[in-house]
Amino acid sequence: MSGQSRPRPRRDDRGSVTAEVAVVLPVVVVALLVVLTVAAVGVAHLSVLDGARAGARAAALGLTEADAVAAARRVAGATASVDLVVTDGWASVAVRRGVGDGRGPLGALGVSATAVAAVE
């Protein structure tokens, strides 16, 4: 018996892939949601920033307050809140709105931007 080896116990690997996927899949889903949320906030911030710039430019060109606010909303989105102040030869436009359409979990996230332009 000294020349014979003992039989090795057989490992049963069935189900190990399922267990690994069950552990990794939630992490991948959460990471994907985080990436998509950051992208949505970035896009909303860019549209709000462009809206503030458009409104400040319209006010600087001498358009009426209503036209400048409409220009800001046209770029930033219909749900945007626009504040326009013209003093001492400067037009300042602050624009705020929620991410996405303002509903759901992303609607609670808000983005804002301000732009200033010299009145011509």
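Which elements do the buried residues of α2 pack against? In this predicted model, they pack against α1 (16–60), β1 (81–87) and β2 (90–98), with contact meaning heavy atoms within 4.5 Å.

**View 1. Helix α2 along its length.** Helix α2 covers residues 65–76, 12 residues in total. Helices (H or I, at least four residues) and strands (E, at least two) are DSSP runs, numbered from the N terminus. From first C-alpha to last, α2 reaches 16 Å, close to the 16 Å expected at 1.5 Å a residue; the expected span is 1.5 Å times one less than the number of residues. Just after α2, Gly 77 has a positive phi of about 120°.

View 2. Ala 68, Val 69, Ala 71, Ala 72 and Ala 76 are the buried residues of α2. Seen down the helix axis, they fall within an arc of 155°, so they line one face of α2. The arc is that of the directions from the helix axis to the C-beta atoms. On the other side, Ala 66 and Arg 74 are exposed. Buried means under 20% relative accessible area, exposed over 50%, and partly exposed in between (1.4 Å probe, protein chains only).

**View 3. Surroundings of Ser 92.** Ser 92 lies in strand β2 and counts as partly exposed because its relative accessibility is 25%. Leaving out residues up to four places away in sequence, Ser 92 touches Asp 83, Leu 84, Val 85, Thr 114, Ala 115 and Val 116.

Residues are numbered from 1 along each chain as its sequence is written, and side-chain values use heavy atoms, with hydrogens and water left out. Local features need pLDDT of at least 70 and side-chain atom pairs count only at pLDDT 80 or more, while totals for chains, interfaces and linings use all residues.
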